[in-house]
Amino acid sequence: MPASSLESIVSLSKRRGFVFPSSAVYGGLGSTWDYGPLGVELKNNVKRAWWRSVVHERDDMEGLDAAILMNRLVWKYSGHEATFSDPMTDCRACKTRPRADHLFVAQKGRDPKGLTEINAAISAKELKCPKCGSTDLTEARPFNLMFKTTVGAVDTGDDSGLAYLRPETAQGIFVNFGNVLDTMRRKLPFGVAQIGKAFRNEITPGNFTFRTREFEQMEIEYFVKPGDDEAAHQAWIDARTQWYVDLGMRRENLRQREQTKDELAHYAKRCVDLEYRFPMGWSELEGIANRTDFDLAAHSRGPNNPDSVEELRYFDLEQKKHIIPYVIEPSAGADRATLAFLCDAYDEALVKEPPAEETAKLRDLVQSFAKSVAKRDNLAVDVKARLTEAAEAIAAELPGSLPRLLGLSDDADANRIEVFKKVRGVSEKLGDDYTRTVLRLHPRLAPLSVAVFPLKKNEPRLVEMARGIRKELQAEGIRTVYDDTGAIGKLYRRQDEVGTPFCITVDFQSLDDGTVTVRDRDSMSQDRAPRAELQGIFRKKLR
Ligand code: ATP
């Protein structure tokens with residue numbers, strides 16, 4: 001069963017060192033996360049796989065790593081200073097600040113036609129606060145999403161040192177178009193890829209690492225002659241979809257969504273979102289847009305831009321004149337892709353049924369938890385609804401829903417309810433005895449590729465051989481760890497839970513004939529292989 005709730009992923013991530021809440025020793029900083037020892041390996045593997053596919057394996061692409069801080073004029077001429085904003089409204093009753101366009105879509109079932117229509121609905125009291133239900137909302141105003149900072153030692157109090165933390169990496173590519181074109185002697189079509197941090201002061205961050213204020217993007221700007229843009233766009237839509245599938249994402253959890261005319265940015269000719277079926281519903285993983293010649297034209301010197309010192313254009317030998325290339329932009333999030341791969345790989349199943357009386361006891365506890373939640377007055381409406389819905393669904397489906405219940409263990413709101421302590425105690429005991437969690441990550445993405453265990457940790461010859469194998473494989477660039485902190489069965493379970501595709505056990509036969517047991521995470525098969533062949537075997541399996 002793949003992850004049916006984000007709680008299971010959050011809980012596993014925290015328990016096994018993928019993702020931690022940021023600055024937790026000071027109570028954290030809302031919706032900010034740190035990648036732990038296994039998370040950083042996983043995310044690095046996602047980025048490496050992307051770079052390999054879009055830069056190294058193609059002959060029409062170059063890489064770039066532009067600065068986060070850029071001249072403020074970049075954001076003036078890109079349009080971000082004027083228009084990169086979300087419409088917000090304030091609820092006068094409960095003092096929350098929801099996004100007005102989201103209220104409109106949720107409550108009227110369609111996209112609004114701009115701020116004017118949203119504000120007409122607010123004054124007609126047609127929109128309600130999602131937290132308290134009041135219709136006493138202020139007029140919606142645009143709220144710019146860019147983080148401001150000051151460049152230079154002194155804050156002069158005026159705007160002379162103003163700079164922004166980039167809200168996307170794309171602009172760094174556009175303003176370097178001429179540099180890459182000239183230094184790499186490129187002809188159209190060609191593209192530039194970049195991975196880097198971006199910052200947006202999101203009003204409603206959430207859903208774990210899905211929407212945060214600091215995140216990493218993996219962006220491509222692919223430059224083509226006008227007229228060749230539509231075919232290139234379609235080719236990128238296909239190639240990017242296939243990338244996720246090749247790395248093991250289930251096709252049925254991935255879809256292409258054509259943006260409607262109303263959604264399209266004014267300069268975009270067409271945009272297709274790749275969406276993943278996250279536990280909270282279909283949501284964007286990557287947007288692939290045909291941005292026409294908007295960006296290069298905007299940053300080129302001309303009547304509309306007296307500040308630029310360059311003309312970002314291309315001399316077309318066939319037509320013997322300068323043209324402004326069109327650009328196709330596949331723009332993905334490294335954090336969202338990592339989260340989607342985690343959700344897709346997550347597999348938690350009952351390995352055997354617990355006795356009926358134990359299930360019945362747990363069901364009673366979950367039902368009394370649901371009743372306690374319903375009675376609490378000090379829980380926010382949305383928290384109450386979320387916990388009640390989860391508890392009722394879990395109670396109805398036990399013991400199959402045991403994995404989902406285990407996922408709730410770290411939920412701070414659930415833990416505020418007294419009876420939940422008992423629920424946790426009983427479910428964790430049943431979980432240990434009756435469930436198996438496996439992350440079926442593609443071997444190229446798994447944080448660890450191989451784990452090596454000695455059958456006995458107090459037998460120096462086994463330990464020496466196991467440590468030696470670890471060193472040999474690591475020297476080949478195969479991420480390998482050594483572990484002797486438990487019985488073999490327990491060590492297999494631990495590695496399954498973090499997605500390690502292969503485990504090696506060194507036993508007494510290994511000392512006699514030099515063979516070891518290689519155990520496969522997915523088939524659970526165990527085959528003997530000579531130590532001398534291990535490097536070759538894994539190189540092939542991990543290619
Ligand atoms: P959304 O509609 O979800 O806010 P967007 O359309 O604003 O996304 P783009 O500006 O197209 O996003 O950014 C490209 C990609 O960057 C997105 O597909 C997503 O993977 C990632 N991304 C954007 N905003 C965030 C964020 N706040 N947190 C994490 N990833 C993000």
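Q: Is Trp50 buried or exposed?
A: Trp50 is buried, at 0% relative accessibility. Buried here is under 20% relative accessible area, exposed is over 50%, and partly exposed is in between, with a 1.4 Å probe and protein chains only.

Q: Before we go on, what kind of model is this?
A: It's a predicted model, where local features need pLDDT of at least 70, side-chain atom pairs count only at pLDDT 80 or more, and totals for chains, interfaces and linings use all residues. Residues are numbered from 1 along each chain as its sequence is written, and side-chain values use heavy atoms, with hydrogens and water left out.

Q: OK, and which class does Trp51 fall into?
A: Trp51 is partly exposed, because its relative accessibility is 24%.

Q: How many aromatic pairs are there?
A: The structure has 15 aromatic pairs. Trp50 and Trp51 make one that is tilted, with 6.3 Å centre to centre and 45° between the planes. For a pair, ring centres of Phe, Tyr or Trp (its six-membered ring) lie within 6.5 Å; planes under 30 degrees apart are stacked, over 60 edge-to-face, and the rest tilted.

Q: What lies over the face of Phe210?
A: That's Arg336, at 3.7 Å from the ring centre. Likewise, the charged end of Arg519 sits over the ring of Tyr492, 4.4 Å from its centre. The rule is NZ of Lys or CZ of Arg within 6 Å of the ring centre and within 35 degrees of the ring normal.

Q: Switching to the sheet, what's the strand order?
A: The order is β19-β18-β20-β21-β22, an open sheet of 5 strands with mixed pairing. Its edge strands are β19 (480-482) and β22 (526-530), each pairing on one side only. Strands are DSSP E runs of at least two residues, helices are H or I runs of at least four, and both are numbered from the N terminus. Two strands pair if DSSP finds at least two bridges between them.

Q: In what sense do β18 and β19 pair?
A: Strand β18 (residues 450-454) pairs with β19 in the parallel sense, over 3 bridges. The bridge partner of Val450 in β19 is Thr480.

Q: Which helix packs on that sheet?
A: Helix α18 (residues 488-498) does, touching β18, β19, β20 (502-506), β21 (515-520) and β22. The direction of α18 makes about 170° with that of β18. Those axes are lines fitted to C-alpha atoms, for helices over the stretch in contact, and angles run from 0 to 180 degrees between N-to-C directions.

Q: How many disulfides turn up?
A: A search of the whole structure gives 0 disulfides, where a disulfide is a pair of cysteine sulfur atoms within 2.5 Å.

Q: Where does Asp413 sit, and what is it in contact with?
A: Asp413 is in helix α15 (residues 412-415). Leaving aside neighbours within four places in sequence, Asp413 is in contact with Val383, Arg386 and Leu387, contact being heavy atoms within 4.5 Å. At 19% relative accessibility, Asp413 counts as buried.
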